[in-house]
Amino acid sequence: MDVEEVTDELYGLTPGEFTAARDRYAAEARRAKDPAAAKVIAALRRPALAAWAANLLARRQPDQAGELLRLGEMLREAHRSLDGAQLRTASRQQHRLVTALARTAAELAGEAGQSVSDTVLAEIEQTLHAVLARPEVAAQWSRGRLAKVPEAAVGFGVVTPDALPPRSAPEPKPEPEKGTGRRSRPKPEPEKGAERRRAAERLRALERARATAGEAVAVVTRRERERDEARERRHAAAAKAEETAGLVERLERELADAREAARRAREAMTAADGAVEAADRAVTRAREAADRAGAEVTRLERPGGD
């Protein structure tokens, strides 16, 4: 059984489909007398919803995924070199790109039948920030195989091998002085110890500076995200206020129309009441006339017409 192929297929499934499919493949591997494959497959973890959505983004949008991976390389290089301009540029790109890609991942998840809450959306953003900061997370994500949401990334690696100061080249041994047969005295040992101490101090200072820079960039990113979220809330509130104002205006028009219709109805009712009263009077007069006519007929029918 091709474990890589099975793993790729499993992490392409929705979280709800993962466990049953994993157990089925593990059982098939055991029946095929392949215990090593069965062990690897059985150990695969069901992905969290946010991790799965991030994986889906990497699988469905390779161009955008490549852009995020390249930005991560740029950020890590900027942190290694402490390039302030590059750090600021990359940090601004980081926030915009992570926010946009997290929303795209949420949309893809929704299209696949998995609704994404605000909490899960925040976890997707956390995952993408970790992709930028940690090469090992980026490697798993680029293959669409993240199983859990990585811990929040505060900064980038503080010290890397290429950040170490280069070793000093060994000094050539002095030639003996002509005519004396004697060599120049070697460099006193205390100077070498002082040089090593200075190099160590520079390295510690470099580590502290990189840690400070990483934390500062993380704070800037967080504050930019909070600012943009506040702007979005303000925009949503303004849109809601405009919508509500339109609704109020429409209801006020409908209320005015209803009041006018009620006024006309009252007028029509008053007119109808007058007509009813007039008709009642006419009916009364007609009855009286009918009664008189009936009485006259009765009188005339009697003998003698009296």
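## Salt bridges in the predicted model

Eight salt bridges are counted in this protein. The structure is a predicted model, and the pairs described below are therefore to be read with a salt bridge taken as a side-chain nitrogen of Lys or Arg within 4 Å of a carboxyl oxygen of Asp or Glu.

One of the salt bridges joins the side chains of Arg 145 and Glu 4, with an N to O distance of 2.9 Å. Glu 4 belongs to helix α1 (residues 3–10), whereas Arg 145 sits in the loop between α8 (135–142) and α9 (189–301); the pair therefore ties together parts that are 141 residues apart in sequence.

The two partners differ in their surroundings. Arg 145 has a relative accessible area of 11% and is buried, because buried is taken as under 20%. Glu 4, at 43% relative accessibility, is partly exposed.

## Pairs within helix α9

Which residue forms a salt bridge with Arg 263? The partner is Glu 267, and the closest N and O atoms of the pair are 2.4 Å apart. Arg 263 and Glu 267 are four residues apart in helix α9, so about one helical turn separates them. Both side chains fall in the partly exposed class: Arg 263 has a relative accessibility of 34%, and Glu 267 has one of 46%.

A further salt bridge brings together the side chains of Glu 296 and Arg 299, at 2.2 Å from N to O. These two residues also lie in helix α9, with a spacing of three residues, about one turn of the helix. Glu 296 is partly exposed at a relative accessible area of 35%, and Arg 299 is likewise partly exposed at 29%.

## Confidence of the model

The average pLDDT of the protein is 80, and 73% of the residues score at least 70. Over residues 157–174, the pLDDT is below 50. Beyond near neighbours in sequence, this stretch has 16 contacts in the model.

Terms used. Residues are numbered from 1 along each chain as its sequence is written. Side-chain values use heavy atoms; hydrogens and water are left out. pLDDT is the predictor's confidence in each residue, from 0 to 100. Contact means heavy atoms within 4.5 Å. Buried means under 20% relative accessible area, exposed over 50%, partly exposed in between (1.4 Å probe, protein chains only).
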